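Please look over the chain below before reading on, and keep the sequence beside you.

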Amino acid sequence: MVDITMDDTSPYLLFTPGPLSTTGTVRAAMKRELSTWDPDYNELCDVIRRRLVDLAVAHPSSRPRFTAVLMQGSGTFTVESVIGSVIPPSGKLLVAVNGAYGRRMVQIAERLRIDCVELQHEEHEPVDPDRLAAALSDDDAITHVAYVHCETTTGLLHDGIGIGEVVSSAGRCLLIDAMSSFGGVPFDMEALRADYVVSSANKCIQGVPGFGFVIANRENLASTDGWARSVSLDLHDQWQVLEEQGGKLRFTSPTHVVHAFHQALDELDAEGGVSARNKRLVEIQNTLVAGMAELGFQTLLPSHLQSPVITTFLAPYDPAYSFPKFFEELKARGFFIYPGKITRAESFRIGSIGNITVDDMRNLLSAIGEVKERMGFSAAP
Ligand SMILES: *Cc1c(COP(=O)(O)O)cnc(C)c1O
């Protein structure tokens with residue numbers, strides 16, 4: 001067992017899709033205690049909002065048409081805030097589902113009594129624009145469409161262009177859960193035809209957990225006044241207060257986390273922006289897949305569907321293998337990985353985002369080799 005209470009250094013590197021390993025400077029930014037009523041703190045929130053729009057919208061001339069809203073809570077709270085706030089009382093949501101995070105959006109809509117249909121796909125298949133087009137032309141009641149840009153369940157990344165074209169030519173509103181891709185993968189919400197994009201502080205921007213954010217089409221968001229099914233997750237209200245009170249969040253703001261996020265945005269810029277970060281993540285993920293292949297492990301997805309964010313490996317089909325044991329052995333060596341989340345096969349997942357390097361990934365690979373040897377299993381699925 002690793003003692004996580006001993007000191008303030010981390011007991012392991014996180015090879016997980018958030019929370020993830022952050023830099024010491026991001027964590028140090030949390031030492032500063034700021035008041036939610038301090039105009040300088042609120043200005044920091046406004047700066048962050050502008051920088052998020054810059055990251056989400058490629059063309060500077062288009063940026064004034066978009067706005068960003070921070071929302072307290074984990075990423076799911078922000079997804080729930082969007083679904084619960086921007087669909088009119090008579091609206092209907094179609095969720096294109098190919099994993100657990102898509103299913104969670106359906107669950108949110110159902111819990112909020114929002115009319116909702118699910119367009120189901122296999123977990124190893126991307127959302128099919130043709131099936132989506134057919135579903136939309138079959139049902140005029142559908143006003144909104146949602147999908148998950150990078151399904152963290154598997155690691156599948158959509159290019160999103162075909163989906164966006166279908167939704168936009170059908171005249172529907174598009175919500176994208178880009179939680180695990182935003183900041184780590186080149187992204188332009190205009191090209192994706194998105195009206196709302198959601199992500200959170202503790203994913204590719206490399207902040208710590210505590211809030212999520214929405215980048216929204218300003219005109220669309222402005223039309224949603226009064227539709228929210230919740231007070232604390234009312235997106236329009238949150239936006240109005242941010243706009244009218246100089247970047248003030250309603251209710252207690254996660255001040256330490258926001259300050260750390262600002263630092264994380266500076267560090268993203270210092271790295272060379274999203275394209276440089278993407279290059280690093282791709283290199284780390286390529287190192288992972290090549291090294292695992294040498295050890296005999298197989299990925300769930302073919303490389304053209306694979307994101308640089310997280311990779312699903314099929315579990316070894318060998319009685320000498322058990323995930324809990326494999327996991328514990330790696331954790332004891334300073335590496336934290338995730339169990340699988342797919343329904344059709346045993347698997348495990350290894351993340352490649354966060355403050356990690358190719359060398360860290362090589363170290364994980366040697367540890368996996370060592371553990372495999374020690375447990376005495378063959379990696380073949
Ligand atoms: C991380 C993640 C979320 C949000 O999860 P939380 O645990 O609520 O932060 C939602 N969707 C996707 C695709 C994610 O990767």
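## Ligand contacts

In this predicted model, a polar atom in the side chain of Thr76 lies 2.5 Å from an oxygen atom of the ligand.

**Around the ligand**

- The residues that surround the ligand include Ser74, Gly75 and Thr76, and among the others are Tyr101, Arg104, Val148, Cys150 and Thr152.
- Also part of these surroundings are Asp177, Met179, Ser180 and Lys203.
- Ser74 uses its side chain, in which an N or O atom is 2.5 Å from an oxygen atom of the ligand.
- Gly75, by contrast, is placed with its backbone, where an N or O atom lies 3.0 Å from an oxygen atom of the ligand.

**Where the domains meet**

- The contact between the two involves 28 residues of domain 1 and 30 residues of domain 2.
- About 2300 Å² of area is buried between domain 1 and domain 2, and carbon and sulfur atoms give 59% of this area.
- On the side of domain 1, the residues that lose the most area to domain 2 are Val274, Arg277 and Lys341, which together make up 27% of what that side buries.
- Helix H10 (273-295) and strand S11 (310-314) each supply at least two residues of the side of domain 1 that touches domain 2, and the largest share, six residues, comes from H10.
- Sorted by class, that side of domain 1 has 13 nonpolar, 10 polar and five charged residues.

**Two details of the backbone**

- The peptide bond that runs from Gly18 to Pro19 is cis, with an omega near 0 degrees, and Pro19 itself lies in the loop between strand S1 (13-14) and helix H1 (24-28).
- Arg113, which is found in the loop between helix H4 (100-111) and strand S4 (115-120), has a phi near 60 degrees, a positive value in a residue other than glycine.

Terms used
Residues numbered from 1 in each chain as written. Predicted model: local features only at pLDDT ≥ 70, side-chain atom pairs only at ≥ 80, totals over all residues. Heavy atoms only, no water. Contact = heavy atoms within 4.5 Å. Buried area = accessible area lost by both parts, 1.4 Å probe. Helix = DSSP H or I, 4+ residues; strand = E, 2+ residues; numbered from the N terminus. Nonpolar A, V, L, I, M, F, W, Y, C, P; charged D, E, K, R; others polar. Near = heavy atom within 4 Å. Polar contact = N/O pair within 3.5 Å; in protein donor to acceptor, adjacent residues only side chain to side chain.
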